[in-house]
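Here's a quick walk through one protein model, starting with a strand and its partners and then moving on to the nonpolar cores. Have the structure open as you read.

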Amino acid sequence: MGEVRAGGQFRPLDDSDPRAVAGYRLAARLGSGGMGTVYLSYTPGGHPIALKTIRPELSEDPEFRRRFRQEVQAAQRVQGLYTAPVIDYDTEGDRPWLATAYVPGPSLHSAVAEHGALPVTSVLLLLAGVAEALKVIHAAGIVHRDLKPTNVLLTSDGPRVIDFGIARAADATALTGTGVSIGTPAFMSPEQAAGKPITPASDVFALGQVAAYAGRGSGAYGDGPSHAVLYRIVHEEPDLSGLPGELGFVGRCLAKNPEDRPSPEEVIALCQEASPAPLVQSGTWLPEAIGADITRRVSASAELLAAGNAAAEPPTRVLPPVPPTAPVTQQDVGAVGRAAPPVHAAPTMHAGRAAPATPPAPQPIAYVAQPAPTTMPTYRTPYPQPPHPQPPQMWHPQPQPRPMPLPPPKNSVGKWLAIGVATLSVLMWLGGCAAFIQSFDGSSDDSTGGSGNTSAKPLPNPKPVTYKGINIPDYYYVEFADSPPKPQSEEDGDLWGGDLSYYDDEIRSGNNKIVLLNNAQKGSLKTCREETRFAESVSLSQLSKGTQLCVHTDSGHIALVTYQGKAPENDPSDYVSVDLTIWRNAEEPESDG
């Protein structure tokens with residue numbers, strides 16, 4: 001990983017780097033490796049993210065794409081304190097990419113290479129944090145496969161594990177001769193080096209290697225050519241000389257037999273036993289020099305964001321002084337009644353250019369506001385488009401009307417036309433008032449369907465209603481307007497038009513507005529209103545017990561669906577069990593109900 005340079009500056013983009021990906025403006029290069037290149041970018045709200053683009057040769061492999069899609073969907077469920085959550089992704093485009101939360105800290109590899117081995121207390125806190133991350137990753141059905149010091153980032157409140165599960169996608173490709181290396185030899189487990197099946201215990205072996213590197217500055221199997229290191233991993237015992245005695249349990253993580261290695265939960269307990277004081281992650285868990293590195297990265301990220309925002313703003317327009325109005329002449333008076341000359345925009349001045357110190361005193365003038373166009377980047381869903389800052393208004397002076405003689409007599413036809421137009425305007429205004437009053441009369445009726453009202457005003461938050469343990473059989477659907485929602489078969493109505501239906505191991509919505517929430521999101525009306533990552537269906541393979549989905553209906557109802565599981569294998573019927581929290585009439589309906 002190429003990280004922050006001396007003085008807290010990121011690596012700038014070069015000619016080979018894109019300037020934007022799917023609406024995300026790229027600010028700097030964070031690093032590159034066998035899978036692709038990682039860039040620093042920002043969400044519309046200004047939160048930094050790490051955006052990884054996949055190498056072209058990997059993108060062209062169909063098997064990689066299939067595995068990459070599966071692994072990204074699984075990674076969305078990983079929401080631990082010591083992992084970098086998935087923010088956004090595109091697995092179907094010409095160049096797949098993945099965005100995670102940006103971690104403003106050096107990698108373990110960079111920190112040890114620059115400052116030396118970590119103190120024992122820091123190593124124990126590091127191991128406990130990484131073990132907790134592995135526990136969450138494994139619970140999501142993922143094996144990291146490439147845990148190493150460059151994939152462990154250090155922050156003020158503990159370590160962060162990144163790139164979990166992505167190596168598996170590349171490991172399944174048919175690529176040959178591309179130079180892409182999956183996994184790092186010095187941190188592979190014996191079974192991984194031998195091409196045997198991989199289990200979560202393989203990540204525990206890598207954790208032991210990470211511990212040795214953090215505690216003594218080098219791995220437990222030495223350096224040298226990859227084949228030599230792999231041979232020692234498979235056939236020789238680890239070298240833990242120089243490792244502090246408190247870390248003696250690391251040898252258990254490096255056992256040749258996967259069954260002899262401790263689980264991540266046991267590693268956390270061993271760290272707590274070895275620590276003379278309770279393990280508490282805090283801003284002082286790392287040496288001071290590494291803490292200074294973290295501070296520089298935070299500052300550098302903020303400066304890049306500020307610089308990017310300044311570059312995106314249009315230049316300030318400064319109006320030149322308005323010349324005094326010329327005196328009225330007889331020729332001007334004679335010209336009254338002819339078409340007025342067009343008003344031209346004042347010339348644009350460069351930002352920062354000052355007006356003359358003593359401009360001539362302008363005469364009274366009339367102003368007409370004309371907003372200048374803006375060009376701001378368009379951000380990809382799921383992030384809602386932010387309100388764009390408007391540039392200063394550009395004002396164009398218009399000549400003040402000069403004194404004129406009495407107009408000639410007007411044609412009576414124009415007079416009656418003016419009276420007719422005025423009368424029609426009054427009638428239209430009265431009709432609008434009547435419609436407005438009528439809308440208030442019907443606003444309290446909750447039983448009505450969508451009225452087609454397109455008012456932009458947000459509706460008040462309705463009171464939620466919760467229904468527990470609703471079993472929806474295969475080829476059945478429910479309507480959120482029913483109380484309680486009762487499963488109906490396709491024979492009773494339109495399966496595809498139902499608000500929520502179950503069909504062939506998929507949960508669907510009638511209007512294709514269903515959103516799969518990740519574990520970090522709190523299922524609420526606010527979350528469902530803000531999410532726009534709509535899909536037409538969600539496969540049961542993406543769900544685990546407790547997973548939540550948001551569903552919007554054309555009639556304006558919003559529901560939070562909590563998946564509770566599928567029918568047991570020994571059950572003769574096929575159904576899914578869900579809990580529903582429904583906010584009826586929570587948004588403007590899209591069609592008449």
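## A strand and its surroundings

Is strand S4 (residues 36-42) mostly covered or mostly open, and how many of its residues are buried? Keep in mind that this is a predicted model. Strand S4 is mostly covered, with 7 of its 7 residues buried.

## Partners on either hand

Take strand S3 (residues 28-32) to begin with. S3 pairs with S4 in the antiparallel sense, over 4 bridges. Getting from S3 to S4 takes a hairpin of 3 residues.

Then there's strand S5 (residues 48-54), which runs antiparallel to S4 and is joined to it by 7 bridges. Here Tyr42 has Pro48 in S5 as its bridge partner. S4 and S5 also make a hairpin, this one with 5 residues between the strands. In that turn sits Gly46, whose phi is positive at about 95°.

## The nonpolar cores

Which residues touch the most other members of the largest nonpolar core? They're Leu108, Leu126, Leu127 and Leu147, in a core of 63 residues. Helix H4 (residues 120-139) gives the most to this core, with 11 residues.

Zoom in on Leu127: leaving out residues up to four places away in sequence, Leu127 touches Leu207, Ala211, Leu247, Phe249, Val250, Val267 and Cys271. There's also a second, separate core of 22 residues, including Tyr467, Ile472, Leu540 and Val561. In soluble globular proteins, nonpolar side chains tend to be buried together.

Definitions and conventions. Residues numbered from 1 in each chain as written. Predicted model: local features only at pLDDT ≥ 70, side-chain atom pairs only at ≥ 80, totals over all residues. Heavy atoms only, no water. Buried < 20%, exposed > 50% of the residue type's maximum accessible area, 1.4 Å probe, protein only. Helix = DSSP H or I, 4+ residues; strand = E, 2+ residues; numbered from the N terminus. Pairing = 2+ DSSP bridges. Core = buried A, V, L, I, M, F, W, Y, C linked by side-chain atoms within 4.5 Å. Contact = heavy atoms within 4.5 Å.
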